[in-house]
Amino acid sequence: MGKENGAVNWKRVLILAGAVIAFTIGSGFATGQEIIQYYTAYGWQSILVILGFAVMFLYYNFNFAKAGAEQRFEHGNDVYKYFCGKYVGTFCDYYSTIFCYMSFWVMIGGAASTLNQEYGLPNWAGAVILTILTTITVVGGLNSLVDAIGVVGPIIVVLCIFIGLVTVIQDAGNIPAGLEVIRTGAYAGAAEGETIKNAGANWFISAASYAGFVLLWFASFTAALGSKNKKKDLNYGIVGGTVAVCVAIALISFGQIANINTPLEDGSAYVWNADIPNLILAMKIWKPFSAIFAIVVFAGIYTTAVPLLYNPASRFAKEGTSRFKILTVVLAVVGLIVGLFLPFRTLVNVIYVLNGYVGAVLILFMIKKNITDFLAKRKKA
């Protein structure tokens, strides 16, 4: 990589920013379930969660991109050994592979819930459609994936920002009442002792957990991008993607706060406990819009599901071989069964939150390596 020459390729920056957005916005984000648990549940402190996440997200992605550009890893997952040493790095390598696969289960659950809540289709229908589409894409190879998801990502983030913005403008007067509901726990339709699901005891733990679980998705992905793109283009892409995601989170979170006790049409759930809270917001804006948004949510789930299924398959088999194809199909079918068996809200809460803490520990290893390298440089100087 060495010296960086030439102007910034803004088209490439946009595609890279789009890929960052698409990879961050999976089923949990687009459905609004993730935002409820990591942000909205903390009331006004959701702003602190966003700032904490943004700082950590930029920090480790710049590190992954730099390491990928300088080290040219044979496998993207080698980035863990680079930052954590042989033993911890090997553990993280296998752990992140398992986590990517577990996150694929969450995508299955999200696809099932989305088509069920919006169109009344049975849960298995959305899950089977997603599994078939994802399997075909992964078996076909990953060459065009970044370009494909880089196109879908901005569409989803624009629609999420639109929903959040319109909701916040329409219902700005309800935000104080919503904050009060969250503060006092006065949730509509809540059974005794039932409350909103959250990601941790306080806003900082939530920010670290959110940054941590996203880290496990991004480590090998960003390291691979670092070895294949100009440093300047990738860094601008990372910043652009981060800003877009954080703006979307802030708008949706405050839109949810303003409507925390708004029910589904049939009154069976509310924004605070619905599987797909964002569909309630979309329906409130304009009923036909939620039908369109459900398709976009499904597309967002698909763009995230593909690399999450590709990661474990490519870890244990070479892309393009018959072993790779068989493994992909087996992993997809098992994921389909698990994703249908466990409730979507529970999948997001357990899998993401637990793995977020592991990712947060990795950030500490990264800080340690940065300090060690910095001191070693100063000694040489």
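**Cavity, pocket and helices**

Helix H5 gives the most to the lining of the largest cavity, with 3 residues. The model is predicted, so local features need pLDDT of at least 70 and side-chain atom pairs count only at pLDDT 80 or more, while totals for chains, interfaces and linings use all residues. Residues are numbered from 1 along each chain as its sequence is written, and side-chain values use heavy atoms, with hydrogens and water left out.

Rolling a probe the size of a water molecule over the atoms shows where empty space is left. On a 1 Å grid over the protein atoms alone, a cavity is a set of points where a 1.4 Å probe fits but cannot get out. The whole structure has 1 cavity of 30 Å³ or more. The largest cavity holds about 40 Å³ of space, a volume being the space filled by probe spheres set on the points. Its lining consists of Phe 64, Tyr 80, Phe 83, Cys 84, Leu 215, Leu 362 and Met 366. Helix H5 (79-84) and helix H15 (344-380) are the elements that give two or more residues to this lining. Helices here are DSSP runs (H or I, at least four residues), numbered from the N terminus. By class, the lining has 7 nonpolar, no polar and no charged residues. Ala, Val, Leu, Ile, Met, Phe, Trp, Tyr, Cys and Pro count as nonpolar, Asp, Glu, Lys and Arg as charged, and the others as polar.

Now turn to open space. A pocket is an open set with protein on both sides within 12 Å along at least five of seven lines, and lining residues have an atom within 4 Å of a point. The second largest pocket holds about 300 Å³. It is lined by 18 residues, and Asn 63, Lys 66, Glu 70, Tyr 82 and Asn 370 are the closest to its centre. Helix H4 (46-71), H5, H11 and H15 each give two or more residues. H4 has the largest share, 8 residues. This lining divides into 9 nonpolar, 4 polar and 5 charged residues.

H11 also packs elsewhere. The axes of helix H1 (residues 10-24) and helix H11 (residues 231-258) come within 7 Å and cross at roughly 45 degrees. H1 is therefore oblique to H11; angles under 35 degrees count as roughly parallel, over 145 as roughly antiparallel, 65 to 115 as roughly perpendicular and the rest as oblique.

Last comes one residue. Gly 226 lies in helix H10 (residues 203-228). Gly 226 counts as buried because its relative accessibility is 3%, and buried means under 20% (1.4 Å probe, protein chains only). Gly 226 and Trp 203 are 31 Å apart, C-alpha to C-alpha.

Note on methods:
Buried means under 20% relative accessible area, exposed over 50%, partly exposed in between (1.4 Å probe, protein chains only). Axes are lines fitted to C-alpha atoms, for helices over the stretch in contact, and angles run from 0 to 180 degrees between N-to-C directions.
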